[in-house]
Amino acid sequence: MKLHTLDIQAFGPFADHQHIDFGDLGDNPLFLIDGATGAGKSSILHAICYALYGETTDEARKDFGMRCDNAAAELLTEVSLEFSIREQHYRITRLPLQIRQAKRGAGVTEQKPVAHLRKILADGAEETLVTKKKTAADEQIKLIIGLSAEQFRQVMVLPQGKFRELLLAKSDARQAILSTLFQTEIYKRIEQLLKDKAINIDREYKKFNEQINESLSEVFVDNNTALAEAISSAEHYKSQLEQQKQAADQSRKASHNQLKSATELEKAFAGKVQKQQALTQHMLAEAENIDKTKQINLVEKAFKITPIWQALKQANIDGEKNQQQLANTTNNLQQLQQSLQQATAKLTLAQQEFSQRDGLLAELNKLQNYLLLNTEFAAIQTNAMQAQQSEKEAQQKLENASKELFEYSMRSEKGQQYVESLQTQITNKAQLQMAQSQGQQQVVALQKQEALQQKITKLKQQVVSLTERFKHAEQQFKLAETNANTIEMHWHSNQAAVLAKTLQQDAPCPVCGSIEHPMPATIAGGLSDVSKQAVDEARTSQNQYLNTQNEADKTLLQAQESLNQHLQQYKQQRAELGDVGKQASTVLAQEIAQITEQLTIALQTEAKIEPAQKKLALMLAKLPPIEQLITNLRQAMPALNSASGAAKAKLSNAEQSLPEQYRNPQNLNNAISLVNDKIVTLDKQLNTAQLNCQQGERNLSAMQAKNEQLSQNQQQLLTRINEQQTLWQKALGESEFANENEFERVIITELELSQLKQQKQQFEQIKNELTSQLNLLTEQLTDKQQPDLAELQKINAEQEALFKQVEQDWAMAQTQLTRLNEVQTKINRLETEQAEHKKQYEIIGTLASAAGGRGKVRVSLERFVLGDLLDSVLAIASKRLNIMSKGQYRLVRQNEGEQKKNVTAGLDLAIDDAYTGKTRPVATLSGGESFIASLALALGLSDVVQQRSGGIQLDTLFIDEGFGSLDQESLQLAIETLIDLQASGRTIGIISHVS
C-alpha cells in the first residue's frame with residue numbers, strides 16, 4: 001500500500017485544514033516527521049489509521065477526543081486519505097462522532113460518524129463504493145487492504161509506546177495475524193473438515209447402536225437369539241392358520257355360488273312382472289298416437305300451398321314499406337322548397353348591404369394617413385417627456401445625494417461605536433466552548449448509561465418471565481412423559497391379552513412354547529381401546545413438549561447472558577464517568593443548556609462583528625462617490641433645463657396637426673380594425689348567401705327525382721299484390737281447407753312436423769320391444785319356482801364371517817412374521833454398516849486428532865504451516881537484529897516439545913543470546929532491545945509477505961518514536977538498516993524528536 005495525499009481538518013492539534021502530499025517526497029522515500037513534544041507528530045499517524053479504519057493508533061482516543069478544541073465551531077472534524085494498492089487508487093473520507101452547530105436555529109446537534117469511500121479511475125473520474133455508512137466502509141477497507149485495524153497497527157505501524165505488541169503477542173494473536181497475511185485459511189478449513197467428518201462418523205456409529213436396540217424393542221425381544229426363536233415360532237403358527245384358511249375358503253365359495261344362482265332366478269321373476277306392467281302402462285297412450293297420425297296428414301297437405309301464401313304476405317310487407325318511404329320523401333321535398341325561399345331572401349339583403357363597401361374603403365384610407373402622423377407625434381411626445389423627466393430626475397438625485405451624504409456620515413460614527421461594544425462582549429467565548437464540549441460529552445455518556453440501565457431493567461423482567469416459562473414447559477414435559485409411559489404400558493399389556501385369546505389347550509404358546517396356559521393375560525378394564533397409534537401420538541406429544549422445554553431453556557440462557565453483558569457494560573461506564581455518573585442526565589443537560597445559551601449569545605455576538613465591520617467599511621467607502629455625484633449633478637442642471645424647454649415647443653406644434661382622439665395609437669388602431677372588420681363582414685355575407693342558394697337548388701332537385709322513383713315503385717308493388725292474391729285464392733279453393741283461418745290453424749314448422757313423426761315412431765318401437773321381452777321371459781321361467789333367498793343369504797353370511805376370522809388371524813401371523821424378518825434383515829444391515837464406519841473412524845479420527853493439535857505435541861495443521869512461515873520471517877529478521885544488536889541477538893521460535901502440554905504451542909518467540917549461549921523469553925529484553933527486535937520482526941514479516949505471490953502488500957512502514965531508547969551506535973545501525981530497506985522499494989516514515 002502506498003500513500004499519496006492526506007487532508008486533516010480540526011483533528012487533534014490541527015485547528016485548520018492541513019494538506020500533506022507524500023508524492024513530494026519522491027519514489028520509495030525514507031522520511032522523518034520531526035518536532036517538539038506535543039507538536040502533533042503522532043497525530044499524522046493517528047489520522048492515517050483513522051481514515052482507513054475509523055480508529056487511531058491509540059485505542060484510548062475515541063470520537064469526541066479526536067476533535068481540536070481550538071477549531072472554529074462551523075468547521076467539522078474531517079480526515080481524507082488517498083492511497084493505492086495493487087495499481088488501484090482509492091480515496092476515503094471520514095467524519096467522527098462530534099457536536100456541531102445546527103443547520104437551523106442557534107442550537108447544536110450530534111454529527112453521526114460518516115465514511116465515504118471512492119475508487120479513482122484511470123481517467124481521474126471517481127466511482128463511489130460507499131456513500132455514508134461507516135460499517136460498510138470498514139468492511140470494504142478490510143477487503144481492499146486485507147488487514148483489520150488491530151493487525152494494521154501491529155504489522156505496518158509501530159505506534160508510540162506499543163511497538164512491542166507484535167513481539168510479545170500471545171501465540172493465538174500472532175496466529176490470527178500470520179493467518180491473515182499468508183492466507184492460510186485453507187489449512188484451518190482442512191482441520192475443521194477432518195474434525196467434522198470424524199464427529200459425523202462417530203455420531204453415525206452411535207446411531208447404529210441406537211437403531212439396533214430400537215429395532216429389537218419394536219418386536220419385544222432383547223437380543224438376536226431371542227429374535228431367531230420368535231421367527232421360528234411365528235412360522236409354525238402361520239402354517240397352521242394357512243390350512244384352516246384354505247378349508248374355510250372352499251366352503252365360502254360353494255355357498256356364494258348357490259346364492260348367486262338363486263339371486264339371478266329371483267331377478268328373472270321380478271323382471272317378468274315389471275315388463276307386463278310397463279306394456280300395460282304404455283298402451284294407455286294408443287289413442288293419442290292415432291290423433292298424431294291424423295295431424296301429420298293434414299300438415300303435409302298444407303305444406304303444398306304454403307309457398308303461395310308466404311309470397312302474398314311478403315308482397316304486402318314490401319308495399320307498406322315503400323308507401324312509408326314515399327310519404328317521408330314528400331314531406332322532405334316541402335321542407336327543401338321553404339329553405340330555398342329563405343336563402344333567396346338572404347341573398348337579396350346581402351346584395352343591398354354590399355353597396356356600403358365603397359364608403360368604408362375611403363374611411364380606411366383617411367385613417368391610415370393619420371397613422372403616419374401618429375408615429376411622428378409619439379416620438380415628439382416621448383422626447384418631450386424624457387427631457388422633462390431627465391430634468392426632474394437630476395433635481396431629485398441632487399436632493400437625495402445631499403440627504404444620503406448626511407445620513408452616511410451619522411451612521412458611520414454610530415457603526416464605529418457598535419463594533420467596539422461587540423468586541424467587549426465575547427471575551428469569555430473560549431471558556432464557554434470548552435465547558436460546552438466537555439459537558440455535551442458527559443451528557444451523551446450519561447444518556448447511554450441511563451438507556452443501558454433501562455435495558456437492564458427490561459432484561460431482568462424478561463429473565464423472570466422466561467424462568468417462569470421454562471418451569472411451566474418443564475412441568476408440561478414431565479406430565480406428557482408420565483402419560484406416554486402409562487399408555488405404552490397399557491398397550492403392551494393389551495397386546496399380551498390379544499395374543500392370549502389365540503391360545504388353545506394342548507397347543508404350544510407362541511411366546512414361551514408351553515402347552516399349559518394356567519393364567520392367560522386379560523385386557524384391563526376400561527383400557528381396551530389403547531392402540532399403537534395412541535402410543536405414538538403420546539410419544540409425539542412428549543417430544544413436542546421436550547422441544548418446547550429446550551427452546552425455553554435456550555431462550556432463558558440467551559437472556560441471562562445478555563443481562564450479564566449489559567451489567568458489565570453498565571459497571572464499566574459507571575467507573576469511567578466517576579462522580580458525574582451519579583447525576584441525572586436531565587440535570588446535567590440543564591446546566592449544559594445554560595452554558596450553551598451563553599455560548600450561543602457569545603457566538604451570535606461574534607458573528608455580528610465581522611458583518612458590522614464590513615458594513616462600516618462599506619459606508620465609509622460610499623462617502624467620496626456621493627460627494628463627487630453632487631458636484632456632477634450641479635454642473636449638468638443648466639443644460640437639462642434648456643433641452644426640456646425646446647422639447648415642449650415642438651410638441652405644441654404637433655398637437656395642432658393631429659385630431660385629439662387619434663393621438664393615442666391604440667384608439668387609431670382600433671378605428672382601423674373596426675372599418676376593416678366591416679368590409680370583411682360584407683364580403684363574407686354576400687359569399688355565404690350565394691353558396692346557400694346554390695346548395696338549396698341542388699338538394700331540391702335530388703329530392704324531386706327520388707320522389708318520382710318511389711311513386712313508380714308503389715304502382716308496381718300494387719300490381720304484384722293483386723296477382724299474388726288471385727293465385728292464393730285459387731290454391732285455397734282447390735285444397736281441403738274451407739278458409740284461410742282453418743289453413744293457418746293447421747300450419748306448423750318443419751321442425752315441429754319432424755318431432756311429431758319421431759314421437760309416433762318411438763311409441764311403436766317401445767311397444768314392440770316390451771312385447772318381445774315379455775314373451776322371452778315367459779318362455780324361460782316355465783316349470784321353475786321362486787327361491788328362498790333369506791335362508792341362502794344367512795348360510796352365505798355365516799361362511800363369509802368364518803373365512804374373514806380365519807383370514808384375519810392368518811394376516812396377523814403373516815404381518816408378525818414379516819415384521820420379525822424385516823427387523824432381522826435391518827439389524828444385519830446395520831451391523832455391517834457399523835463395522836465399516838468403525839474402520840473409517842480409525843483412519844479419519846487419527847487424522848483429525850493430528851490436524852487439530854491433539855497429538856503428543858499440541859500443534860495444529862495450520863500452526864505447523866504458519867510455524868514454517870514464521871521460521872522464514874525469523875531468519876530474515878534475525879539477520880537485521882544481529883546487525884543492530886552488534887552480533888548479540890537472534891529471534892527464534894520456541895520448541896513445541898519443551899512447552900507445557902496445556903499450552904497451545906507453535907508460534908511463541910524467544911531470543912537467542914550469543915553472549916550467554918542461552919535462549920530466553922523476548923519479554924526479558926530492555927526497552928531499546930525490544931524496539932530493535934520489534935523493528936527487525938516487522939521488517940522481516942514485510943519481506944516474506946512481499947515475496948509470496950498473491951499475498952498482502954506491506955510496502956509501507958511507519959515507526960513512531962522508540963529511537964530515544966537507543967544509544968548512538970545502535971541508532972546508527974538502525975538507520976542504516978532502514979536505508980538498506982528503502983533501496984528495496986519500500987516507503988518508511990519515522991516519527992521522532994531525536995536529534
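How many bridges join strand S8 (residues 114–120) to S9? There are 4, and the two strands run antiparallel. This is a predicted model, in which local features need pLDDT of at least 70, side-chain atom pairs count only at pLDDT 80 or more, and totals for chains, interfaces and linings use all residues. Residues are numbered from 1 along each chain as its sequence is written, and side-chain values use heavy atoms, with hydrogens and water left out.

**Sheet with S8 and S9**
- An open antiparallel sheet of 6 strands has the order S2-S1-S4-S5-S8-S9; strands (E, at least two residues) and helices (H or I, at least four) are DSSP runs numbered from the N terminus, and two strands pair if DSSP finds at least two bridges between them.
- Strand S2 (14–21) and strand S9 (126–130) each have a single partner strand, so one side of each lacks a neighbour in the sheet.
- Lys119 stands opposite Glu127 in S9.
- Helix H1 (residues 41–53) lies across S1, S2, S4 and S5, at about 105 degrees to S1; axes are lines fitted to C-alpha atoms, for helices over the stretch in contact (heavy atoms within 4.5 Å), and angles run from 0 to 180 degrees between N-to-C directions.

**Thr329**
- Thr329 lies in helix H9 (residues 306–353) and is buried (under 20% relative accessible area, 1.4 Å probe, protein chains only), with 3% relative accessibility.
- Leaving out residues up to four places away in sequence, Thr329 touches Met703, Lys706, Asn707 and Leu710.

**Sheet S11-S12-S13**
- These 3 strands form an open antiparallel sheet, with S11 (889–893) and S13 (918–921) at the edges.
- Asp913 stands opposite Lys918 in S13.
- Helix H18 (residues 861–884) touches S11 and S12, its direction making about 175 degrees with that of S11.

Terms used. Buried < 20%, exposed > 50% of the residue type's maximum accessible area, 1.4 Å probe, protein only.
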